[in-house]
Amino acid sequence: LSKPKDDSRKDVIAGIFMSAIHLIHTSSRRSRYRYVDSAKEYISVHYSDGSLSLNEVSEAVGISAPYLSGIFSEAEQMGFSAYLNNYRVEQAKQFLQQTTTNMTDVGYKCGFNSAQSFNRVFKKITGFTPGQYREHMKNIQTMKEGEQI
């Protein structure tokens with residue numbers, strides 16, 4: 001008769017341990033992701049610096065570059081460089097839609113070190129060259145304006 005009591009106690013203890021492990025893991029993930037949030041904030045301010053690097057961001061955040069790289073990949077489902085390039089392209093898209101700044105200058109303003117790298121990365125991410133994207137967005141805007149008349 002005492003065996004069922006022992007089994008139920010074991011189940012309760014096992015349940016408590018599993019809950020504790022889950023709580024520690026969740027808390028640890030939140031703590032790690034705070035570093036990622038800080039890194040993303042730093043990127044949002046410094047993305048236009050063509051020499052921005054994982055080392056610089058990790059130093060600003062206060063952790064090692066390999067650790068930031070690992071948690072960044074875990075949190076964002078992409079590596080640091082891919083995130084930085086995507087962020088820069090998103091900023092470039094805004095410039096291309098809202099200004100008449102030439103393509104090369106847009107690339108430099110967004111942290112790309114050459115027109116070639118800007119064009120290559122932009123096309124890889126969007127499927128358009130910067131010029132094609134600007135033209136495409138102009139056509140969409142013209143169509144919207146035509147519908148409103």
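Accessible areas here come from the Shrake-Rupley method with a 1.4 Å probe.

**View 1. Overall fold and surface of the predicted model.** The protein exposes about 9,800 Å², of which carbon and sulfur atoms supply 54%. Seven helices and zero strands are present in the protein, so that, in the sense of DSSP runs numbered from the N terminus, the pattern read along the sequence is α-α-α-α-α-α-α. Of the 149 residues in the protein, 23% are buried, and among contacts between residues at least 6 apart in sequence, 57% join residues at least 24 apart.

**View 2. The largest nonpolar core.** This core has 24 residues, and those with the most contacts inside it are Ile 43, Val 57, Leu 68, Phe 72 and Phe 122. At least two of its residues come from each of α1 (2–46), α2 (54–61), α3 (65–76), α4 (80–98) and α6 (115–126), with α4 giving the most, namely six residues. In soluble globular proteins, nonpolar side chains tend to be buried together.

**View 3. Surroundings of Val 57 within the protein.** When its neighbours within four places in sequence are left aside, Val 57 is in contact with Ala 39, Tyr 42, Ile 43, Leu 52, Leu 68 and Phe 80. Two of these partners, Ile 43 and Leu 68, are also listed with Val 57 among the residues with the most contacts inside the largest nonpolar core.

**View 4. A nonpolar surface patch that includes Ile 13.** Ile 13, Phe 17, Met 18 and Ile 21 make this patch of about 450 Å². Ile 13 has its place in helix α1, and because its relative accessibility is 47%, Ile 13 counts as partly exposed, a class that lies between the limits of 20% for buried and 50% for exposed.

Definitions and conventions
Residues numbered from 1 in each chain as written. Predicted model: local features only at pLDDT ≥ 70, side-chain atom pairs only at ≥ 80, totals over all residues. Heavy atoms only, no water. Core = buried A, V, L, I, M, F, W, Y, C linked by side-chain atoms within 4.5 Å. Buried < 20%, exposed > 50% of the residue type's maximum accessible area, 1.4 Å probe, protein only. Helix = DSSP H or I, 4+ residues; strand = E, 2+ residues; numbered from the N terminus. Contact = heavy atoms within 4.5 Å. Patch = residues over 30% accessible without salt bridge, like charges linked within 9 Å, V, L, I, M, F, W, Y side chains within 5 Å. Salt bridge = Lys/Arg side-chain N within 4 Å of Asp/Glu carboxyl O.
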